[in-house]
Amino acid sequence: MTSDSQIPPSSPPDPSQPVQDNPQTQPNPQQQILDALPVVVWQADSQGSIISLSVRWQTLTGYSPQLSLGEAFWNSVAEQEDEFSRQQWQRSCQQQQPFTLHLNLVRRCGTVSRVLVMGELLQDEQSQQIGWVGTMQLVEAVATVPPELDYGQQFLAAVLDNLSNGIVACDSQGVLTLTNRATQEIHQRPFRRMPAEQWADYYHLYRTDGITPLERDANPLYQALLGESVQNVEVVIKPEDGPPHTVLASGDPIVAQDGQTLGAVVVLQDITERKQAERELQESEERWQLALQGAGDGIFDWSLITNKAFLSLPWKQTLGYEEHEVENSFEGWRSLVHPDDLEHAAAALEAHFKQKEHLYRSEFRMRCKDGSYKWILSRAQTQRDKNGQPIRMLGLHQDITRQKQAEQKLAEINQALESRVNTQDSQLTAANHQNEALVVQEQTARQQVKDAQAETELYEKIIKSIQVGFLVWHSQNLTSIDAFELLVANPAAERLLEMELQDKIGDPMGSIFPDYVQNHPNDLLALLQVMRSQQPRTLGNASLLLPTGATRVLCLRAFPLPDACVGIAFEPTADSWVEG
């Protein structure tokens, strides 16, 4: 019986009527075969309503097949489980996947029989679903069905071959006994019964380095055969005629009810694309970090609501501190500002907040771990709520000590020159010689200022050339994917997404990126997990619909930020454009 051929409806003879010899009233050969099977063969429409039952139905229940179609079928199901069984049947049909369930059927004589029901899709020649087909048989008769009629075994084999993950099993002697279609596609090799010692050589199995062959004792399937529960072990498969694959292997021993080990089974999940995406994102992050480190900058993220702050390790290392030696708060920053600059720095912040400008810039001295002070240029962008009140500041600290020292030296030289001009005539000759030296020093100092300014301009160019987009999202509800609101967006994000994002600060993610929210709900769940676990996570590649109608494929990575916030760094993949 195949799932792409329809079953003609059964028409059992009425025992009260004499049998006619007219060939037009006789069942066709296909129906005769179905009626001869020791199981009930049934057919249903696409909604799961029974439209055909083989003659075996009358033998099983005592009811006529023709009188048990449609809603009448459920009159034969035990009353106490009627509603539950009906819902289970309908849910299985709605999922459009092969299914197995049990029913308690009430015979015409009043006794109850438990039957095993199996069903699968019925398709036409164009592979379009036209209904369902399956079997019913007594549970106690399942074990006695001859192998050639063991529909359940065929059904199980079909299910295994339709799984996207690979399935591999061996018997208690370590002989390979089963691989499904997905496994054979990964290995590019047909199934072959063989002992454990030959697995690695035949299927080209390697450790994670892709060079060292996988020894028998390190094979996840063999470890499961020894009684271990194996979880997410990485194995590299290098087919002769295809690219290498990285799979996650998880498995357990197969144990009978009496405790005897019958073998082992392992599930293979192909993570090749995920590993590639992780490598690409890691390279992107390394480029981004290298650019920031090359500019000598540190990142800070300050919440004005909770007064907590995220101060990056380079921020602290600029002043000679380790991670734990500076408190991540506004007070941690304030305690390091030079007392003479504190009032000026605070006034600059207050002026920025009142002016409601997006960009903030200020210069002040900060105390190093060794007691010395460095000049710091602080630049930031402030995020405000719907009432215009500042709630978060994200920015950079840059060490400009060399520039300040050069400026101070130039000022001292200019002051010395003015002093020499006012000296008496008797000292003019000596002063002229000294002035020449001072002029040389002044030229040198001016050059140092230019060099320092050039270094700052170079930093600006580096920052502007970074192609990594950066968005910060906030969510008060760590259980809902609908609560994300945009807090911060850098210029690279606006360029990559071709959107003006500053006027969307505070808007929910669903209104800014509706296509992404609808098509990538798992990514939003992953963002919530990042916030709860405080661990960064690679989201992989995601397509995003741009305002122009085109679609851009971006490589995403999420990392936690304080106060229920999460950051997303992203950049386009090598083949990132898809026409709208």
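Let's start at one pair of residues: cysteine 170 stands opposite leucine 176, which lies in strand β7. The model you are looking at is a predicted one. Strand β6, residues 166-171, and β7 run antiparallel to each other and pair over 3 bridges. Strands of a sheet pair through backbone hydrogen bonds, in either a parallel or an antiparallel sense. Step back from this pair and you will find an open sheet of 6 strands with antiparallel pairing, in the order β7-β6-β11-β10-β9-β8. At its edges are β7 (176-179) and β8 (205-206), each of which pairs on one side only.

Another pairing to look at involves β19 (residues 537-545) and β20 (residues 551-561), antiparallel over 8 bridges. Here leucine 545 has threonine 551 of β20 as its bridge partner. The hairpin that these two strands form has 5 residues between them, and glycine 549 takes a positive phi near 100 degrees in it.

Now for a helix. Which residues of α11 are buried? They are Asp341, Leu342, Ala345, Ala348, Leu349, His352 and Phe353. Seen down the helix axis, the buried residues of α11 fall within an arc of 135 degrees, so they line one face of the helix. On the other side of α11 you will find Asp340, Glu343 and Lys354, which are exposed. The length of this helix can be checked too: α11 covers 17 residues (339-355), and at 1.5 Å a residue these should span 24 Å; the end C-alpha atoms are 25 Å apart, which agrees.

Next, the nonpolar interior. In soluble globular proteins, nonpolar side chains tend to be buried together. The largest nonpolar core in this model has 32 residues, and Leu471, Trp473, Leu497 and Phe513 touch the most other members. Helix α17, residues 521-533, contributes the largest share of this core, with 6 residues.

Finally, the whole chain. It contains 17 helices and 21 strands, and 44% of its 580 residues count as buried. Among contacts between residues at least 6 apart in sequence, 49% join residues at least 24 apart. The chain exposes about 31,900 Å², of which carbon and sulfur atoms supply 49%.

Methods:
Residues numbered from 1 in each chain as written. Predicted model: local features only at pLDDT ≥ 70, side-chain atom pairs only at ≥ 80, totals over all residues. Heavy atoms only, no water. Pairing = 2+ DSSP bridges. Helix = DSSP H or I, 4+ residues; strand = E, 2+ residues; numbered from the N terminus. Core = buried A, V, L, I, M, F, W, Y, C linked by side-chain atoms within 4.5 Å. Buried < 20%, exposed > 50% of the residue type's maximum accessible area, 1.4 Å probe, protein only. Expected span 1.5 Å × (residues − 1). Arc of directions from axis to C-beta. Contact = heavy atoms within 4.5 Å. Areas by Shrake-Rupley, 256 points an atom, 1.4 Å probe, with all protein chains shown as cover.
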